[in-house]
Amino acid sequence: MLIIQDRAIVDDSFTHLDDDTPIPSAGDVTVTLSRLQSERERLAQHTGRVGVRLKSDQLPTDVAAELPLLDLIMVEFPKFTDGRGYTTGRLLRDRYGYQGELRAFGHVLRDQLFYMARCGYTSFVMAPGRSLESALEAFNDFSQSYQAAADERRPLFRRIAR
Amino acid sequence: MYQYDEIDQRLVEERAAQFRGQVARRLAGEITEDEFKPLRLQNGVYMQLHAYMLRIAIPYGFLTSRRLRRLAHIARTYDKGYGHLSTRQNIQFNWIKLVDVPDILDELADVQMHSIQTSGNCIRNTTADAYAGVARDEIEDPRPWCELIRQWSTFHPEFAFLPRKFKIAVTGAPDEDRAAVRFHDIGLRILENAEGQRGFEVIVGGGLGRTPLVGEVIHEFLPQASLISYLEAILRVYNLFGRRDNKFKARIKILVDALGAAEFKRLVDEEWALIKDSAIDVTEEELERIRRYFIPAAYEELPSSDARLASFSLGKDRAFGQWVRNNTRHHKVPGYTIVTIAVKAPGQPPGDLTHEQMDALADLSERYTQGRLVVTHAQNLVLPDVKTEDLPALHAELLPLGLATANAGKLTDIICCPGLDYCTLANATSIPIAEAISARFDDVDYLNDIGDVSLKMSGCINACGHHHIGNIGVLGIDKRGEEFYQLMLGGAPGNDAAIGKILGPAFAKHEIVDAVDRVIQRYLTLRESPDEPFIDALRRVGLEPFKEAAYPDAKKDKRPAASARAASATTVAAPETQGT
Ligand code: SF4
């Protein structure tokens, strides 16, 4: 499946496992948070990369202890009006220092990408049927931002003499 | 007045371009109406009964003549020739075509205006005391803080999809709250402590709508320099924990109420401890930069004009005298006066201005008040800096424009939502009732005898007309397909914040004006002196005498009124409330 990653269209290397599918011996996989917690030992030994999928009501604190294990955190936006994932992204980056890939999935539309990127998201699974090419333009909707966020820790007035 | 630098300017231009693209994609069918809706809402575009409504931001209500002229041009070119001042100190146009909106946004950007975040579940236009910068009782001009909040909240990436809309108000006058800060998601009062330091009293979780609540103080004296980190902490707690399952329970007031103010404060403090004293808080230089724009322009050195103002109000020209008495206020600079233009002429929908009036007001403001105007939350306009000696000339020029109505703060200075005439959610008309009340109490002497009393009216329980905080509140409800009106008394928006109490069963449309009249008559007979305002008399004697007056035929009937429950059972389907 094609996704947007670091502002380019790429093939998703991960297999997204539900809780009943056995973990394959190799390859990149993501699991739910509960499976990550219950099969931590096993996943720590996994030869491919490991990611977790968070629901919109699962908090960064719930996953904070597992960060060293993770190469990817996926946060679900069940409806694009559900904005909890923006705070989740910022906390993972700003507070817990997560440096790996942070991916938005679910009802992800072009017009959220600018905000999501500012909140620390680096990859995006667009909602079905959306043009990825068109979505790429959204990162350039605005040339400046007033506030500090995950992508830029200083507000405008500390960056530029106004 | 804050002036955009090239960065501010580029951002509003980029926003207009972004929305142009969104409209094009919507018209091409690339996005569904459901997906488009939050995008248009965040640009102030509502779907109304007959057309789209566009709400344009007037940050903290402050306008210049140039901007007002542009609004007149928009009214003329894209609307039916008039605009509507809203209770959030914004202006709304009710007859807009969606395809025209991108062009309108370009026209606005050209004069440093926009419609960004004037609706939608995001941080809305921050409001302020309409007398900010000129009020005598102010300890600090709140507008630089409002501008700081405007910039911080504009396109804030974390808080663009909150559980529900979010409104902030600021006042710098500790003794008289004219910004209704206790009825906002966040209200900020600038205070000074014994050491002469300034801080904010932070009030959270106030609001009207179907669950009216007075806000709770969660910080008694926040150091001013920490404002942004503290706001960010509040918003973060709300964004994570505010309810998203039921939009009627999604405002922050419900969260604060459910957790209790102490627990909510604990969560905020916990979050704040991790982000305070960081780079996000404002620097002294930035604050100074913003403040420079609000330094008052050239005032002449004049002697005090307080005595002059008093003599004007008692002069031979009765109409002028009444207008001075009701529509002016002492200015902090000697020789100047604050003038309220009541946009409440009899027979006119409250807050409506024609494009001719806008152009004329722009012109007057340049000649009399350095090109500055303020939209108030009472849907009026303020000319903040009029030389007292110019008042007779100004009044003479306002008369032919129909803008010299001498009723500011009086019964007919009604706040009223668009109601059934425009709004898809309305249960009842509101504008025609306001007009009928204005017609009934048309006599200025009579109005002055009644004295200061606020009447606020909403067409449904979404309360865009703030009926809960009117001394007299009128709420339109639907009873088996008929328009009915509930009457409530005792609401107050200021330092004596209170939510009005329902008087009894709702009145039919043909009864409501008489009922208001009977309440007023009762007040006139029971007040201790003409100096005892309506609200004081009500607080002294309680609801009962007014209830008797309002329901003369039900004197013997002591059963409790059932209408409170009837009102809360009224159902409303769609979310696009309009009046604020
Ligand atoms: S939604 Fe607001 S504007 Fe519409 S009728 Fe109700 S109170 Fe009035």
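Visitor: How do the residues of the lining of the largest pocket divide by class?
Guide: They divide into 12 nonpolar, 12 polar and 13 charged. Nonpolar means Ala, Val, Leu, Ile, Met, Phe, Trp, Tyr, Cys and Pro; charged means Asp, Glu, Lys and Arg; the others, Gly among them, are polar. This is a predicted model, where local features need pLDDT of at least 70, side-chain atom pairs need 80 or more, and totals for chains, interfaces and linings use all residues. Residues are numbered from 1 along each chain, chains are lettered from A and ligands numbered from 1 as written, and side-chain values use heavy atoms, without hydrogens or water.

Visitor: Which residues lie nearest the centre of the largest pocket?
Guide: E176(B), R178(B), R329(B), G409(B) and D452(B), out of 37 lining residues. A pocket is an open set of 1 Å grid points, over protein atoms alone, where a 1.4 Å probe fits, with protein on both sides within 12 Å along at least five of seven lines; lining residues have an atom within 4 Å of a point.

Visitor: And the second largest pocket, which residues lie nearest its centre?
Guide: T81(A), P38(B), N121(B), P163(B) and K247(B). The lining has 32 residues: 11 nonpolar, 8 polar and 13 charged.

Visitor: Which helix gives the largest share of that lining?
Guide: α2(B), with 5 residues. Helices are DSSP runs of H or I, at least four residues; strands are runs of E, at least two.

Visitor: Switching to strands. What order do they take in the open sheet?
Guide: β1-β2-β5-β4-β13 of chain B, with antiparallel pairing. Pairing takes at least two DSSP bridges. The edges are β1 (45-47) and β13 (352-354) of chain B.

Visitor: What is the bridge partner of L54(B)?
Guide: F93(B), in β5(B). Strands β2 (52-56) and β5 (91-96) of chain B pair over 4 bridges.
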